[in-house]
Amino acid sequence: MTRPNRFMFDDAIAAFQEHKGRVIVEIGGIRNRGWRDTDGHSTLRWPADATVWSVDNDPAAVKLTRELSADRPNVFCVLSDAIVFLRAFPIRIDLLYLDGPHPDREDGRNWHFEAYQSARMTHRAVLLIDDTDLPRLGKAEFVVPAAMEDGFEVVAADRQTLLVR
Ligand SMILES: C[S@@+](CC[C@H](N)C(=O)[O-])C[C@H]1O[C@@H](n2cnc3c(N)ncnc32)[C@H](O)[C@@H]1O
C-alpha cells in the first residue's frame, strides 16, 4: 500500500524565499538511491542559492547523499548525530527539515522534540517535519506544540507538516 504523498518541499521553499532565508539544515540525508514513497530525496529539492547542511549519522547515507549532490556546491554533507550537530551549529537556521529516526520503530517522537529544542532558528524561520500522517502526528507529536509555543503557526499538515513564524 502506498502512502498519500503530499510532500511540502515547494511550499516550505516558497516561505523560506519570501523570508529571504539563506541557511537550510536537513536532518536525515538520502539513504536510498532509487525512488521510494517513504523517501523524498530531500537534499536534491533545496534551492541552489541556499546554503544546505545535510546531517546523518549513517556513513552509508552520508556517502550516498554526497554522491548524489556532488554537482551542488551549496550542499554540505555531515556525518554526525544530529542532536550533537545542532547543539554545536553556530549559525541561525532559516529552514529546519526534521526527517530523522522513525517515530515508533525507534524513539523518534521524543528524539525529534529534542532535535527541535537543540536547534537555534531565526525569528522568521520555516520548520518542515516528515512522516506526520502517522497516529499522533508521528515525528511531530511533541515538536508541533513546542513550536507553537515558540511562535510558529501550522500552515499545512498532511504527510508532512509545515510551520512558519
Ligand atoms: C527517513 S530517512 C531520511 C530520508 C531523506 N530525508 C529523504 O528525503 O530521502 C531518516 C534518516 O535519519 C537518519 N538518522 C537516524 N537517527 C539519526 C541521528 N541520531 N542523527 C542523524 N541522523 C539520524 C538515518 O540514518 C536515515 O538516513
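Biologist: Hi! Which residues does L96 touch, not counting residues up to four places away in sequence?
Modeller: Hi! In this predicted model, L96 touches V25, A119, M121, A125 and L127, leaving aside residues up to four places away in sequence.

Biologist: Nice. Which residues have the most contacts inside the largest nonpolar core?
Modeller: L96 is one of them, along with L95, A115, V126, L127 and L128. That core has 42 residues, and β5 gives the largest share of it, 6 residues.

Biologist: What order do the strands of the open sheet have?
Modeller: There are 7 strands, in the order β3-β2-β1-β4-β5-β7-β6, and the pairing is mixed. At the edges are β3 (75-79) and β6 (153-157), each pairing on one side only. On average, neighbouring strands are turned by 20° against each other, direction ignored.

Biologist: Switching to helices! Which residues of α1 are buried?
Modeller: Helix α1 spans residues 9-18, and its buried residues are A12, A15 and F16. These cover an arc of only 100° around the axis, so they sit on the same side of α1.

Biologist: What covers them?
Modeller: The cover includes β4 (93-98), β5 (121-129) and β7 (161-164).

Biologist: And which exposed residues are on the face turned away?
Modeller: That face carries D10 and E18. After α1 comes K20, which has a positive phi, near 55°.

Biologist: Last one: where does helix α2 lie?
Modeller: Helix α2 (residues 59-68) lies across β2 (51-56) and β3, and runs at about 165° to β3.

Methods: Residues numbered from 1 in each chain as written. Predicted model: local features only at pLDDT ≥ 70, side-chain atom pairs only at ≥ 80, totals over all residues. Buried ≥ 20, exposed ≤ 12 C-beta atoms within 10 Å, placed from the backbone. Helix = DSSP H or I, 4+ residues; strand = E, 2+ residues; numbered from the N terminus. Arc of directions from axis to C-beta. Contact = placed C-beta atoms within 7 Å. Core = buried A, V, L, I, M, F, W, Y, C linked by C-beta atoms within 7 Å. Pairing = 2+ DSSP bridges. Axes fitted to C-alpha atoms, helices over the stretch in contact; angles between N-to-C directions.
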